[in-house]
Amino acid sequence: MAKFGIKKGDTVQVLTGKDKGSTGKVISVDREKNRVLVEGVNRVTRHTKAGQTARGSQTGGLVVQESPIHVSNVAVVDPEDKKPTRTKTRVETVERDGRQKATRTRVGVRSGKDL
């Protein structure tokens, strides 16, 4: 399984493809296929079969929805300067109840600020 620093809820920017330069929030991450679903990016039109819901309303027709994009084509947006950045983890030791405990925080490489 691939290791990448993008999680659900992150704000990412598209680096390549037809939506290059656009930003959006990550809806879901598929680690097995190395793909992420980004809000408002890579929208495709799907033809869905007509049917009825339990209340009797009609469903189906043309539905525009997001399609997954490869993880290598997106980068996390740095919170300070709103530009794409890589991520790293900073390990801090915190003393709680007389014990040393290590905590990890995700940090943007570009500015060093927490994500």
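Trainee: Which strands each supply at least two residues to the lining of the largest pocket?

Mentor: This is a predicted model, where local features need pLDDT of at least 70, side-chain atom pairs count only at pLDDT 80 or more, and totals for chains, interfaces and linings use all residues. Residues are numbered from 1 along each chain as its sequence is written, and side-chain values use heavy atoms, leaving out hydrogens and water. A pocket is an open set of 1 Å grid points where a 1.4 Å probe fits, with protein on both sides within 12 Å along at least five of seven lines, and lining residues have an atom within 4 Å of a point. Strands being DSSP E runs of at least two residues, numbered from the N terminus, the ones you want are β7 (74-77), β9 (87-96) and β10 (99-108).

Trainee: Is R106 buried or exposed?

Mentor: You'll find R106 in strand β10. Its relative accessible area is 16%. Buried means under 20% and exposed over 50% (1.4 Å probe, protein chains only), so R106 is buried.

Trainee: Which side chain does R106 join in a polar contact of 2.9 Å?

Mentor: Leaving aside neighbours within four places in sequence, R106 has contacts (heavy atoms within 4.5 Å) that include G5, K7 and D10. In a polar contact, an N or O donor and acceptor lie within 3.5 Å. At 2.9 Å, the side chain joined to R106 is that of D10.

Trainee: What distance separates the C-alpha atoms of T89 and R35?

Mentor: T89 sits in strand β9, and T89 is exposed because its relative accessible area is 51%. T89 and R35 are 54 residues apart along the chain, and their C-alpha atoms are separated by 22 Å.

How values were computed
Helix = DSSP H or I, 4+ residues; strand = E, 2+ residues; numbered from the N terminus.
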